[in-house]
Amino acid sequence: MAVEIVTDSLSDITPEFAKELGITVVPLYVRFGEEAYRDRVEMSTDEFYHRLINGPNLPTTTQPSPGDFLDVFKKLAKKTDEILVVTVSGMLSGTYQSAMQAKNMMEEGECRIEVIDSRKVAMSLGLIVIKATEAARTGANLDELADLVRRALPRSNLVVYFDTLKYLAKGGRIGKAQGLLGAMLSIKPILTIKDGEMAPLTRVRSPAAGLDYLYNFVSGFAKIESMAVEHSTVPDEADGLVERLSKILPKERIYRAVVSPVLGTYAGPYAIALTVLEAE
Amino acid sequence: MKPINSIGGQELREMFGAATGWLEKSSADIDALNVFPVPDGDTGTNMLLTMRSTIEEAYRAPDRSASAVAYAMAHGALMGARGNSGVILSQILRGLAQKLADKETFTAADLASALKESSAMAYRGISNPVEGTMLTVIKDVAAAVEAAMANNGKDLVAVMETAVNAATESVANTPNLLNVLREAGVVDAGGQGLQTILDGALRYLRGEMEQMRFRKPQIIVTDMHATKQPQMLAADEIPYGYCTEFLLKGEKLETDKIRKKLEKKGESLIVVGDDSAARIHIHTLDPGSVIEYATGLGTIHQVSIRNMDEQHQDFLEMQKDKGLAMDTAIVAVVSGEGLSDVFTSLGVTVIVPGGQTMNPSTKDLLQAVEQAASDKVIILPNNKNIVATANQVQSLTEKKIEVVPTTTIPQGVAALLAFDYEANLESNIQIMTRAMAAVKTIEICRAVRSVKLGDLKIKKKQPIGFLDGTLLAAGADCLEVLNKMLSELELGKVEVITIYYGADTKSAEAEQVASNIRSQYPQLQIEVVRGGQPHYNYIVSIE
């Protein structure tokens, strides 16, 4: 019995891709007023960004309940006796707590479950989940997979170009990037995730300079295993970055993704993210 | 969520116990916010200690009625109040206790009227209430709760939700009411503490005790950036004096009379209590005379006299970990209020006034370097006549100094923006030097005398333009000079033009220039910023 891999929707793994690889993605919730939608399942990225930009009120987000995880665990326990859960950073969301509570609600001996707080977000989490899934297919057991994930996580490097920090600040996820607020020039911040929370890298003055920064970011790594490029509302710019990167790194796989609605609540429109998974 | 119609004394003290635990998690963060009335960085700790004393006493209540527990809490708060914020907190709890007197349990309506009393009581204890502090927050909370009673009268959870929302909003607004907060780019620490306590209470009512173990309260952030660094406050060397507080026990104490008597002896005076016990807090240069007066009225207990100047020093130390989280400090030479704000908002630690018309001395720069809260300092001279002076600082200090040899304001801004938070000092110097070279600078000023330079004939007071320090053009007006110079430049790869206009230039004229440039180069992002610099009518950054 292969180990089943579970993550949450902040890994930015699309439902289609998850189905193809056999990953279970537990969605968070995005809420507009009284209406709550399951991330990506009940609200598409297109519809979300349309409402984010044009709607009168900013959305809020909610973690999955322990019950959401419990349902998933119960279902998977019918076909496996080992489950690996890798969640978004516990500093950004309570998802890890929900997964832990659900694990503790399972009956003794029902199924072995390991829950890991990735301290990452978006494809810097997604790439690790994909890697774990591939290893699970080749027959790795739960302990081996957990070890693999823990070793790979520090090698997953995220860099995000933000058009504005407004959404991140309003959503209370600004972290160490708070010092970038309130600049008296129009600046575009570039952030990373460090020790589980958002932290500043630098600032640029235009989208093109931001894309250049992302492009040059890969030069900081001696050996790259894979990469991911994702956008909130600017697919063409993100495609352009993929094209440029594939010219200098033709052999390395570049995954393409879209920032999920729950994450988009904080990233805002025009954001572009790059993840570089460094080779061991 | 199940509505809660009423709660008794047991739940009351559990609720505030949970709130105290919640406050404990962020008391250090609240300490770091503290800039008013004295930036001594102890508000969070003081409120926490006050709450601990409150809760301890709550468990000594003679029975479990709401009235007995609330009274015990108010007593505990008064006895254990620490600092300004602690004393105001004790007044809030006293107001609560007065309205809950004789009640076995209390309802949402009781809570609303108690909060109103708390607000009134809080103001009553202070001789000169200042808005934009926790006083404003409790007032806004009381008003919001009273207004909400009309709609959702019964549910305590809903009422507490209203209270927390009002507190959050009110705290976020404190920098708009109190200048010193706006300058420091923070919200009021005491207000934040109160919001955290109410938030903790709400979470208890919602039954989220388990979740609270894993979470931390959110500190409300303001999107206003510090325009003044706390170091600069220290430079003024205002004597803060002694924070003096004690508990006065006696008979027939008259708090009003005591307040009146002490008012002239210092700042931030608070006198609260009843006729048998009063807590007194004052910032004074002469604590001896305050104590002497008080001992004539009764016995004094829990006397604390702290030197606030020392506390302020500790606070500055604490600031090192805050803000932009740069472990490298940046010192920049800038003149003009607007330009200083730009540099400060982008993370410069110390501004040294100076530029083309006024070169700072080595001593000025050394002082700034010593003032900066880091052992590693980068200097941005922003003028070619200041680069050499900046280079001399290294030999005069133990600190590690690097100079990025910026010769214009736009070069300084470009270098500053490119600062990489994750890179070490050496790589940052490389990155910043590269960024500085990627920007072109046009400076436009008026000729101080008539001169003939090659083909250029320049009359006195005529506008002239420099490109990266070289005189290139003259013209009838600034716009003409700027246009001439832009037409000579290769603008194909340029994306952003920033126009900083000087102290003697009108904003309408600057806007006119900008819109002219915009219409000629529609693909460019043109930004106009008031630089307020002397000498140069315009400094233009092309990047």
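## A buried helix in chain A

In helix α8(A), the residues Ala209(A), Gly210(A), Leu211(A), Tyr213(A) and Leu214(A) are buried. Here a residue is buried if 20 or more other C-beta atoms lie within 10 Å of its own, exposed if 12 or fewer, and partly exposed in between, with C-beta atoms placed from the backbone. Helices (H or I, at least four residues) and strands (E, at least two) are DSSP runs, numbered from the N terminus. The buried residues of α8(A) pack against strands β8, β9 (188-194), β10 and β13 and against helix α9 (235-248) of chain A.

This is a predicted model, in which local features need pLDDT of at least 70 and side-chain atom pairs count only at pLDDT 80 or more, while totals for chains, interfaces and linings use all residues. Residues are numbered from 1 along each chain as its sequence is written, and chains are lettered from A and ligands numbered from 1 in the order in which they are written.

## Chain A as a whole

Chain A has 10 helices and 13 strands. Of its 280 residues, 50% are buried. Two residues are in contact if their C-beta atoms, placed from the backbone, lie within 7 Å. Among contacts in chain A with a separation of 6 or more, 74% link residues 24 or more positions apart.

## Strand β13(A) and its partners

Let's turn to one of the strands that α8(A) packs against. Strand β13 (residues 272-278) of chain A has six of its seven residues buried, so it is largely enclosed by the rest of the structure. Two strands pair if DSSP finds at least two bridges between them. Strand β8 (residues 156-161) of chain A runs antiparallel to β13(A), and six bridges join them; Leu158(A) has Thr275(A) as its bridge partner in β13(A). Strand β11 (residues 224-231) of chain A also pairs with β13(A) in the antiparallel sense, over seven bridges, and here His231(A) is the bridge partner of Ile272(A).

In the loop between α10 (261-267) and β13 of chain A lies Tyr270(A). This residue is not a glycine, yet its phi is positive, at about 65°. Tyr270(A) counts as partly exposed because 19 other C-beta atoms lie within 10 Å.

Three bridges join β3 (residues 29-32) of chain A to β5(A), and Tyr29(A) stands opposite Thr62(A) in β5(A).

Asp39(A) is found in the loop between β4 (35-38) and α2 (45-54) of chain A. Asp39(A) is buried because 27 other C-beta atoms lie within 10 Å. Leaving out residues up to four places away in sequence, Asp39(A) touches Ser9(A), Pro27(A), Leu28(A), Tyr29(A), Val30(A), Ser260(A), Pro261(A) and Val262(A). The C-alpha atoms of Asp39(A) and Thr62(A) are separated by 9.8 Å, and the two residues are 23 residues apart along the chain.

## Where the chains meet

Between the chains, 24 residues of chain A are in contact with 29 residues of chain B. On the chain A side, β10 (197-204) and α8 (207-217) are the elements that give two or more residues. Strand β10(A) gives the most, with five residues. The chain A side divides into 12 nonpolar, nine polar and three charged residues. In this count Ala, Val, Leu, Ile, Met, Phe, Trp, Tyr, Cys and Pro are nonpolar, Asp, Glu, Lys and Arg are charged, and the others, Gly among them, are polar.

## Two nonpolar cores

A nonpolar core is a set of buried Ala, Val, Leu, Ile, Met, Phe, Trp, Tyr and Cys residues joined through C-beta atoms within 7 Å. The largest has 89 residues, and those with the most contacts inside it include Ala70(B), Met73(B) and Leu198(B). A second, separate core of 86 residues includes Ile5(A), Leu125(A), Val159(A) and Ile272(A).
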